[in-house]
Amino acid sequence: MHRMTVLLGHGSGGKLSAELMRDVFLPAFSNPILGRLEDQAIVEVNGTRLAFTTDTFVVKPLFFRGGDIGSLAVHGTINDLAMGGARPLFLSTAFVLEEGLEIDTLRRIAQSLAAAATSAGVTIVTGDTKVVEKGSGDQLFINTTGIGLAPEGLNLSAGHARPGDAVILSGPIGDHGIAILSQREGLEFECPISSDSAPLHTLVEAMLAISSEIRCLRDPTRGGVSSTLNEIAAQSRVSIQIEEKAIPVREEVRGACELLGLDPLYVANEGKLVAIAAPSAADTIVAAMRAHPLGREARVIGRVNDGHPGLVTLRTVFGSTRIVDMLAGDQLPRIC
Amino acid sequence: MKYLDEYRDASIARALAAAVARRITRPWVLMEICGGQTHTLMKYGIDQMLPPEVELVHGPGCPVCVTPLEVVDKAITIASRPNVTFVSYGDMLRVPGSRLDLFRVKAGGGDVRIAYSPMEAVRVAREHPGRQVVFFAVGFETTAPANAMAVLQAAREGLRNFSMLASHVLVPPAIRALLDSPGNRVQGFIAPGHVCTVMGYREYLPLADHYRVPFVVGGFEPVDLLEAIRMLVAQLEEGRAEVENQYVRSVTRDGNRGAQEALSRVFEVADRKWRGIGEIPQSGLRIRDEYAAWDAERVYDVESLRVDEPAQCIAGEVLKGMKKPVDCAAFGTLCTPENPLGAPMVSAEGACAAYYSYRRNLVCIG
């Protein structure tokens, strides 16, 4: 057999990413907080519950319809904190710059990053800059680390889904991934698709204010809704069934997916969330979400069931059932 | 979405399935040729809607799956050269060669890129005159005309740094090989809609006559496939063996003459190996001598490379419709999309991958 090397698929958020986590990082860093495998760590310091998370952004192109790497770096980290129910407070930013990058480009990104932080009510309090030789990086990478305050007594986890629970989705899927891909491939659509990149903490705040029956929140970024649901089903040792006709996908995103041979369930989002909640609370939560600008199209898309732990299925519009698997690596465009 | 939603309409689909159930009096074995059709059948669970008398077996029409191991090894050999930019359709990158796959060539520093069209590779060659750009041209009659156009364009521009590793295969010779094989069970075919869009359905008329087997040219949406199945069952029940066209919005008897002309200017019919099946005479296309300067096999001198297929994979029998993916001992255990033993587990169109993705343990859900 060949020697194992890192493949691009290891960064796709699918099975290969999970393998790296299981085989390399968890054995090296093993501790109970990391072992919870949430989007953020909740740590207690002198009686204060802090949410803590980090994320690195390597998007190409740097500027895309609906955002840029700067605003994305703020929203991504805020959302990882928000999925723990935390109020985001402070961010760090670290830049890895490739020799030859135009200062003007960097300035535009820094300004966008600052504007995104200000409008989300978080402060950038520390940072770092490194420069690598031309050819050792792709223009610019950004890492952001975030700290927030987690409410007392709140314990959201991908391991908390129970049979009978409702699966709620905040809005149409696939916008970010298709916006990036169409720009990268130089595809022009009649109705241009914008990234959904947005900070979700105020939406989460509204949801938590109305209900204490929310068990889990996740933002379906890399790997899309399917990967998120697979993670929840596996960690909670339950199965999940979603309804094809309940899943909102914008017409233009559907069209692009048809053209490119992609399944929107696997396409990345940067401003959507999946919530698992007690069935009795689902309607109230959806109503609260719809009252918020980022949750206007929220709806229940499926149920948590007993048995077949880790299995996610979809009921098609024809009433037949199929598996919604976690991808090995990235979705590959098909030949024909 | 217009022109799509109509073909995914649940009530039309149910009505067609009911029509099949009313018409059928005994078991029939039907084969859809094309991997895209297999994918739709699995994705929408069409087989779950049909009466038990209809048995669907899956054909050899997945271009990734039938590309022989030695062509993948040729691709890897060429892509590993330091001065080469190797451009391919995405799903060829994960197909295992005998030691590596193209993703690993890329991870090892090879310049391997994904493209949606061979013209993108021509553009790369034009923009980077210092690089040798090679396009990996696989597929059936469907993709051959665009690949031919890329060679013609490169020839017109005199782009000597562009070449093509071509491994094209043809559907009718494969159907003939299948019907001639002693274990054949297939009684009716859903002919491939995209291939017929290019080539027309003329070529299938002598096959239907000679073998007394019905063909229905089918599209790729659930309603297309259900209608094609209904038409096939009607022919079988009535004892007819004709070529009928369900995919009328795209397919004509004679196909796209312009595309056929481009194809035959650049390519000529040749013997071809099929992965898992072996060599089928006159079943593929090679680049004509006139365009040898754009034929990567000749430019990089890999023509003579020969590799044997691994024994543990039953891809050949799956591609011939003799076995189902789940009949394989390695299915889902030794062989998964992360660690595929054979190509049908790689491509989304491959029968094994379609079963793995959509069906795996649904059997026990009931």
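A: A salt bridge is a side-chain nitrogen of Lys or Arg within 4 Å of a carboxyl oxygen of Asp or Glu. With that in hand, and keeping in mind that this is a predicted model, we can turn to the contact between the two chains.

Q: Which side chains meet in a salt bridge, and what is the N to O distance?

A: The side chains of B:Asp5 and A:Arg254 do, at 2.7 Å from N to O. In total, two salt bridges are counted between chain B and chain A, and the rule finds six residue pairs in polar contact across this interface, both residues of each pair being at pLDDT 80 or more.

Q: Which elements of chain B give two or more residues to the side that touches chain A?

A: They are helices H1 (10-23), H2 (35-43), H3 (46-49), H4, H6 (102-107) and H16 (351-358) of chain B. By class, the residues on this side of chain B divide into 25 nonpolar, nine polar and 16 charged.

Q: How is the size of an interface often given?

A: It is often given as the accessible area lost when the parts come together. Here chain B and chain A bury about 3,700 Å² between them, with 62% of it on carbon and sulfur atoms. Within chain B, the residues that lose the most area to chain A are B:Met1, B:Arg104 and B:Tyr116, which together account for 20% of what that side buries. Counted by residues, the contact takes 50 from chain B and 34 from chain A.

Q: How is chain B itself divided into domains?

A: Chain B has domain 1 (5-64 + 171-245), domain 2 (69-166 + 275-299) and domain 3 (315-360). The centres of domain 1 and domain 2 of chain B, taken over C-alpha atoms, are 32 Å apart.

Q: What area is buried between domain 1 and domain 2 of chain B?

A: About 1,000 Å² is buried between these two domains of chain B, and carbon and sulfur atoms give 78% of that area. On the domain 1 side, B:Pro63, B:Val64 and B:Pro173 lose the most area to domain 2, together 44% of what that side buries.

Q: How many salt bridges and polar contacts are found between domain 1 and domain 2 of chain B?

A: The salt-bridge count between domain 1 and domain 2 of chain B is zero, while one residue pair is found in polar contact, with both residues at pLDDT 80 or more. Several elements contribute to the domain 1 side, among them strand S2 (54-61) and helix H10 (193-199) of chain B, and H9(B) supplies the largest share, five residues. By class, that side has twelve nonpolar, two polar and one charged residues.

Note on methods: Residues numbered from 1 in each chain as written. Chains lettered and ligands numbered in written order. Predicted model: local features only at pLDDT ≥ 70, side-chain atom pairs only at ≥ 80, totals over all residues. Heavy atoms only, no water. Domains from an automatic or database assignment. Buried area = accessible area lost by both parts, 1.4 Å probe. Polar contact = N/O pair within 3.5 Å; in protein donor to acceptor, adjacent residues only side chain to side chain. Helix = DSSP H or I, 4+ residues; strand = E, 2+ residues; numbered from the N terminus. Nonpolar A, V, L, I, M, F, W, Y, C, P; charged D, E, K, R; others polar. Contact = heavy atoms within 4.5 Å.
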